[in-house]
Every structure is written in structure tokens, then in C-alpha cells.
Amino acid sequence: MRLPATLRLAAALVPATLTVVANPVFDWPQHDRTRPLPPIIDPGSASTPDRAGRAPSDAVVLFDGSSLDGWVAADGSPPRWVIRDGALECVRGGGYVRSLRAFGDCQVHLEWAAPTPPRGSSQGRGNSGVFLMGQYEVQILDSHDNETYADGQAGAVYGQHPPLVNAARPAGEWQSYDIIFTRPRFDAEGRVVSPARMTVFHNGVLVQHEVALVGPTGWLQRQPYRPHADKLPLSLQDHGNPVRFRNIWVRELGADARRAEMVFSRATLDRLRGTFRFEDGLTVSIARPGDLLEATFGFPGRGMTFPLHAESRDRFYIRSFDGEIDFRTGPDGTAESVVLRVSGEARTGRRQP
């Protein structure tokens, strides 16, 4: 007998029994022909001085020279950076820009060029940065024939780890970063289980080898870790220099690659708040306690709250069970109804006054 959707949703909220996962190395006999093969991808192509390369087929392309659709300002408003000759260029006073897409464990590729002719010295010359999860920075700087402090030059994990070598090219030439990032893990009480780690190649040269970060990076301060979401946007720094970027792509890794997640402004999320009622009496209340939405499911005599993760502006999902919420919005972006999907069954809830 098929359970009613409300009962199946209630059953989905019951915590699952903890299971121990075996070491995958020993899950299969050596050379077992039935072991699943890795997926086949197109690896893309390398860049040249005059032309950006092509991203791998399984990558999320954040900038290919044609559009800023995947980017917003730090506050979620339209970005003020410009596209010039196929490159994304920082505009003085434009502020940081961030990706709409959020990432956890990932491989990041980006190419950048310091302005030419070089102007200034030390940290005042060709300065920018790429921030994983918006808070763990790999420094961008014109470090060719430009002395500065060791943990602030190109390829440094800013303020923490100097690069193993200075692999910088002259200003104006395209340079590449390839970053392997493992996000920090926190337990239920917010304690660090494992720190963030980075491996960085600068122009194909290893400059950071699986270094552990002591917390978010910063200028003249070492901040402690604070618990945060498993996925957060990537951001680029405005440090007042017209640094250019091209060919930015990300490959999500491991469990973090299972489903896309995006981060929208609070103003956008606020239009989705409200209480929605279904024909059988179930209510779903949508709130925004911080930068993310959460849904409280109301059953007779009980209610449970879950964070919502955005797959698009209108579709959000719940990681804890097989649930999705689609928002049906009016012309001004305000949610008028929701479609709740649990185990593939869809039902509609209407906004309550």
C-alpha cells in the first residue's frame, strides 16, 4: 500500500540509523572487471597567450569571456566589473564580485593578468585575490621583479603560507592558477573536525602542497574558524588595480558534486517568505533567519525545520530527505504558491494571508 504523502514526509524526518562506511579500497577485489569505470569526459584544451582554453566537459564555467550572468556584487546586486576584449576586468571602486554558484570541495582554474605597464610597488601593484568560499584567499599580485612580504606575494595563501617558489610572469602576460580545495569540516557543536586544505599550481608549477589553513585568511589578523555552510560562493577581490581574468571554471569534487547550489541576495530570498497551506492541512512556513531560507513543516502536534538549498531562483531542495520546493512567483518575485515534491509526488500549497 502506498502511504499518503504527508505520512511519507513524516517518515522521512525520522533520523536514520548511523552506518559505518567501509574503506572503498577494500570494497572490490583487485582488478575486478565488474567494478564501475570512471565517467568519460572531454578534458578541454590548454590556453595560449592569445586565446583562452576550453574547460573540461564536467566543469562549471563561471566566465568564458562572453557574459557576467554567473556573477553578482558581494551584496547580490549586479556587478560593476566590465568585460573588455573577452576578459573580466576589475573596476576601481566596483567592490568584490562573487559567483552565484556555491562550492565546497573543488578544483578551480582561473587565468589572470596584472596591468601593464606596472605601476606601484609591493602590495600596490597588480593586487587582487581569489577567495574560496569567500574567505580563504590565494593572493594575486604582480610579483615579477616586485618585492613584498613572503605570505603576500602571488601564489601565497594570504597571511599564512608563502608559495614554495615565485613562478610569476611579467605584468600583462596571462598567468594561471589551478587550485585543489578541501573545505573545512565541523561537528554538530561547531568544532573543527578537519581544517581547510589547498594545493596550488601557479603557471603549472606547484607552489602550495596540501597546506592546512589555520582559519579564514586576512590582513594582520588570524581569525579562528567559525562554522559555515558546506558550500559558499567563490569571490574575486577589488584592491583598486585593473587586474583582468579569463577562463574561470570549477569542478566540484566528491560528495559536494552531487547537486548544484546557489546563493542569492537577502532581498531576493525575502520575496519567498511566507506560510503555505496544503489541502490535507499540512503547512510549510518559509523563513530567512540569515542568508539562507529554512522551511518548517507543520503537522498536527509537531513541526520540524530544515535548511533549504537553492538549485535555481525558484527551486530549492532539502538534503535530509528526498524533498524539493518549487516557488511559483508573481511579477515582482513574491511567492504566491509552492509545489512540494516528496519521493517524486508533487502537491501544491497556497500562500496564507
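Figure 1. With a relative accessibility of 31%, Leu206 counts as partly exposed; buried means under 20% relative accessible area, exposed over 50%, and partly exposed in between (1.4 Å probe, protein chains only). The model is predicted: local features need pLDDT of at least 70, side-chain atom pairs count only at pLDDT 80 or more, and totals for chains, interfaces and linings use all residues. Residues are numbered from 1 along each chain as its sequence is written, and side-chain values use heavy atoms, with hydrogens and water left out. Leu206 belongs to strand β13 (residues 205-212). Helices (H or I, at least four residues) and strands (E, at least two) are DSSP runs numbered from the N terminus. Together, Leu164, Val165, Phe201, Val205 and Leu206 make a nonpolar surface patch of about 380 Å². Patches consist of residues with over 30% relative accessible area and no salt bridge, where like charges are joined within 9 Å and nonpolar side chains (Val, Leu, Ile, Met, Phe, Trp, Tyr) within 5 Å. Accessible areas come from the Shrake-Rupley method with a 1.4 Å probe; for residues, only the protein chains shown count as cover.

**Figure 2. The chain as a whole.** The secondary structure comes to two helices and 24 strands. Along its principal axes, the C-alpha trace spans about 70 × 55 × 40 Å. Of the 353 residues in the chain, 46% are buried.

**Figure 3. Aromatic pair of Phe186 and Tyr225.** Rings of Phe, Tyr and Trp (its six-membered ring) pair if their centres lie within 6.5 Å; planes under 30 degrees apart count as stacked, over 60 as edge-to-face and the rest as tilted. By this rule the count comes to 11 aromatic pairs. In one of them, Phe186 and Tyr225 are edge-to-face, 6.2 Å centre to centre with 70 degrees between the planes. This pair links distant parts of the chain, 39 residues apart: Phe186 lies in strand β10 (residues 185-186), and Tyr225 in the loop between β13 and β14 (232-236). Tyr225 has a relative accessible area of 15% and is therefore buried. Ring pairs join Phe186 and Tyr225 with Tyr136 and Phe181 in a cluster.

**Figure 4. Aromatic pair of Phe306 and Phe321.** The rings of Phe306 and Phe321 form an edge-to-face aromatic pair, with 5.5 Å between centres and 80 degrees between planes. Phe306 is in strand β19 (residues 302-307) and Phe321 is in the loop between β21 (315-318) and β22 (323-329), so the pair ties together parts 15 residues apart in sequence. Phe306 counts as buried because its relative accessibility is 9%. Phe321 is also buried, with a relative accessible area of 9%.

**Figure 5. Salt bridge of Lys231 and Glu252.** A salt bridge is a side-chain nitrogen of Lys or Arg within 4 Å of a carboxyl oxygen of Asp or Glu. The structure holds 23 salt bridges. In one of these, the side chains of Lys231 and Glu252 meet at 3.0 Å, N to O. The partners come from distant parts of the chain, 21 residues apart, with Lys231 in the loop between β13 and β14 and Glu252 in strand β15 (residues 244-252). Both Lys231 and Glu252 are buried.

**Figure 6. Surroundings of Arg259.** The side chains of Arg259 and Glu324 meet in a salt bridge of 2.3 Å, N to O. Glu324 lies in strand β22 and Arg259 in the loop between β15 and α2 (266-270), so the pair ties together parts that are 65 residues apart in sequence. Glu324 is buried because its relative accessibility is 15%, whereas Arg259, at 24%, counts as partly exposed. The charged end of Arg259 also sits over the ring of Tyr317, 4.2 Å from its centre. A charge sits over a ring if NZ of Lys or CZ of Arg is within 6 Å of the ring centre and within 35 degrees of the ring normal.

Figure 7. Asp280 and Arg347 form a salt bridge through their side chains (2.4 Å, N to O). Asp280, in the loop between β16 (274-277) and β17 (283-287), is linked to Arg347 in strand β24 (residues 345-351), a distant part of the chain 67 residues apart. Asp280 is partly exposed, with a relative accessible area of 44%, and Arg347 counts as buried at 15% relative accessibility.
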